[in-house]
Amino acid sequence: MDVGEQRRRWEYWRISLCFCFLLCLGQQVSAQIRYSIPEEVKEGSVVGNIAKDLGFDVSHLVDRRLRIVSGLNDALFQVNPNNGILYVEKQIDREALCDGTDACLISLKTVVENPLEIHYVEVEITDVNDHAPAFADKDVLLEIAESTLPGEDIQLQEAQDPDSGVNSVRFYKLSQNEYFELELRENGGEKKMPILKLRKLLDRERQVTHSLILTAVDGGNPPRSGSIVINVTVLDDNDNRPKFSQELYSVTLQENAPVGTLVIKLNATDLDEGQNAEIIYSFIKNIERLVYNTFDLNSNTGEIRVKSNVDFEKNDVYRVGVIASDKGQPPKTSNCRIIIKMIDENDNAPEIDVTSLSDVVPEDSKPGTVISLVSITDKDSGVNGKVVCRISDNVPFELKPSFKENMYSLVTNAKLDRELVSRYDVTITATDLGQPPLSSIKTLKVQISDVNDNVPEFPHNPLELYLMENNPPGASIYSVSAFDRDMNENAAITYQIIREDGAKGHMSSFLNVNSDNGHIHALKSFDFETTKTFQFHILASDSGSPSLSSNVTVNVFILDQNDNVPVIFYPVSANGSAEGVEEIPRNVNAGHLVTKVRAYDADIGYNGWLLFSLQEVSEHSLFGLDRYTGQIRTLRSFTETDEAQHKLLILVKDNGNVSLSATATVIVKVVEPKEAFAASDVKNAVKDEEENDVTFYLIITLGSVSVLFVISIIVLIVMQCSKSTDYSSKYLQDTNYDGTLCHSIQYRSGDKRYMLVGPRMSIGSTIAPGSNRNTLVIPDRRRRDSGEVRLAVFYPLKFSRKTQERTYCSFNMTTYKYI
């Protein structure tokens, strides 16, 4: 092939390529292009420009990584990734590469990325007339009886030429002679075999031997030729030659037939007798070496049997020539031709070739993302070579067929989530349609890479922190922990406290959190009595890009500690000690309220529950202390021998694990009744000077007493007239109020005695009807026999916001006239 013809052929293929490219424009599929080069070209010879023919932008070609990814003959060609030129890597011998085939095509699979494209390139290797026809032998000996009639034909050796097409053997020519001529006869294929025909009778006596030259000529330019010398020896007569039942036999043979399998039994007959009728069978010498290696011919029986493995994929047709020769002198021969066609069996399982584009797949890959390229091949033909491909179930992938048969792309068909499944074992199964079907399995491991798509999560929200007050400043008080289902830096969490805008005094400003481990430190000590509860917010952020975050609310409850000493309100503390003096008349009865010790503890619960106890007392039989209310009462009436002054030391303590306490001293002076009233007047005068507002209430009280007195007398007269004189059943205890005695005032009006008493109601007092809970009738047990009746009128003097208690004063009115 000259250079001009080769250029015209290349131009033809480029025009065809452009046409195919226009048809495929707008579809994201791969196109097939084809080049043609002659064999034996030098290394580095340019085959074609793939990038230019496919319309790639050469300036971005390096980034797209143009490369050849598959094919058994990759080493013969290489592509320049910079400019897309396909060139010959090493010298190509077509006869070694494609022996026995007319068209020598090499398929190359090329891939470019960003976006992914697959292209199939076929390179046709055209034949160069680099081999001359050749015969198996340099010379051959033929023995022909002189009685052989003109027209007898003898098959000659065929010349073999490794070249193909026009470069193979095209014709034969015989050297000129008067007895023989050459005839070319069809052999069931494209080639013709040479036949030597006798033109006229031989005369052994005239010429015993004839030397002929047979020349085989190919169709190359320039043509090449090869010759063989045919030596013909003229023999005496052997009248009949063997004859086959037919000149051409056609048989079929199953692929992979066992060694020894009978292919065909030839039967030639000879009408002669004796040795002239004994037939010997043999292969024609010029048959291919493959026939000798595959089949065995029994020279006596004419049976052709399988000698070695027959493989349809290596050779699907065998052409065999057999000669039948008798044992006459000279022997006579005849020949036949046998075409053995192989029947394909499903003996090749599909082959799976996987080309992975990446080791890992991001979990945010969109459906349709190409993961790998899958190529399926089956050496069988027909139905046995048809392949059905599938992948394992329950995986988010699918096989998408390509425009070329048995080519697939493994693509995603659903969203991926690394936190659910981090790796998939995708099993690809290829099964042909033969009987029985054959399968191949290949497992592809697909690793899913992490994407920051999960926010940090707290186990609970909100969180509750119970913190004991008086915590040491700077110490860790709590630890928060969030988890992130992502991995690596996407799961690395940092913590911070969310500061409220414009809230400098907020408790969160006194907290600090370790950004790495979530340990929370308090910068100050918390006081339950000041702050009992507050809340703050922790923000957890991962280190992904972009970062994701979430927050949690922490509710803090300050727990009380017993850190407050009881504070005594009464008696009033002075000079560091609480001491008070109480004067009571000597004639009081048992159960008389002397005073009440008042105390307060800022703690709560058991820590603030106060208990009162007498530590020191001069006379244990005289006074009793209620351990819960702090009330001091007389246990019995005073006698003439009792001391006039008694000192009581009272201990007030809380119920904490480590109790805190305070003491108060109460000095009780026992005075005669007149002195008691006089002392009460002095105390009231001092009180009036200290509290001006009390005087106002006293004036109102005295005004009300006059009105209430008249009403009370009327009520008492009615009650005494209608009911028994036993009043004890009418008097009910009222424990709804505990108070400290007010200053007492005593005066007389006629035969009635009036007294102002404290807010603590006397035991056995009862509410007079119609008094609106301000007037009490107080029976006097000592003077019941004399008919004395005491009437107490109560009126509120003041209200304490701190202790939530009201202080009452009352007037006790006594009459000595029994009604």
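Reply: Accessible areas come from the Shrake-Rupley method with a 1.4 Å probe, and for residues only the protein chains shown count as cover. On that basis the protein exposes about 43,300 Å², with carbon and sulfur atoms supplying 51% of it.

Me: And what kind of model is this, with what numbering?

Reply: This is a predicted model, in which local features need pLDDT of at least 70 and side-chain atom pairs count only at pLDDT 80 or more, while totals for chains, interfaces and linings use all residues. Residues are numbered from 1 along each chain as its sequence is written, and side-chain values use heavy atoms, with hydrogens and water left out.

Me: How many helices and strands are there?

Reply: The protein has seven helices and 54 strands. These are DSSP runs numbered from the N terminus, helices being H or I with at least four residues and strands being E with at least two.

Me: What share of the residues is buried?

Reply: Of the 819 residues, 43% are buried. Buried means under 20% relative accessible area, exposed means over 50%, and partly exposed is in between (1.4 Å probe, protein chains only).

Me: What fraction of contacts is between residues 24 or more positions apart?

Reply: Among contacts with a separation of 6 or more, 66% come from residues 24 or more positions apart. Contact here means heavy atoms within 4.5 Å.

Me: On to charges. How many salt bridges?

Reply: The structure holds 22 salt bridges. The criterion is a side-chain nitrogen of Lys or Arg within 4 Å of a carboxyl oxygen of Asp or Glu.

Me: Which residue does Glu122 pair with?

Reply: Glu122 bridges to Arg34, and the closest N and O atoms are 3.8 Å apart. Glu122 sits in strand 7 (residues 117–126) and Arg34 in strand 1 (residues 32–38), so the two are distant parts of the chain, 88 residues apart. Glu122 counts as buried at 15% relative accessibility, and Arg34 is partly exposed at 26%.

Me: Which residues are in the salt-bridge network?

Reply: Asp153, Glu183, Arg185, Lys197, Glu247 and Arg337 are linked in it. One of its pairs is Glu183 with Lys197, where the closest N and O atoms are 3.3 Å apart. That pair links strand 11 (residues 180–186), which holds Glu183, to strand 12 (residues 192–198), which holds Lys197, across 14 residues. Both ends are partly exposed, Glu183 at 27% relative accessibility and Lys197 at 21%.

Me: What about Glu247, where is that one?

Reply: Glu247 forms a salt bridge with Arg185, with 3.7 Å between the closest N and O atoms. Glu247 is in the loop between strand 15 (243–244) and strand 16 (248–254) and Arg185 is in strand 11, so the bridge ties together parts 62 residues apart in sequence. Glu247 is partly exposed, at 44% relative accessibility.

Me: What surrounds Asp163, then?

Reply: Asp163 lies in the loop between strand 9 (153–155) and strand 10 (169–174). Leaving aside neighbours within four places in sequence, its contacts include Glu39, Glu95, Asp127 and His131. A polar atom of the Asp163 side chain is 3.4 Å from the backbone nitrogen of Asp130. Such a polar contact is a pair of N or O atoms within 3.5 Å; within protein, one must be able to donate a hydrogen and the other to accept it, and residues adjacent in sequence count only if both atoms are side-chain atoms.

Me: What does the side chain of Asn177 reach?

Reply: The Asn177 side chain reaches the backbone oxygen of Ser175 at 3.0 Å and the backbone nitrogen of Phe180 at 2.6 Å. Asn177 is in the loop between strand 10 and strand 11 and counts as buried at 18% relative accessibility. Not counting residues up to four places away in sequence, Asn177 touches Arg199 and Leu212.

Me: Last one, Arg586. Buried or exposed?

Reply: Arg586 is buried, with a relative accessible area of 13%. Its place is in the loop between strand 41 (577–585) and strand 42 (593–596).
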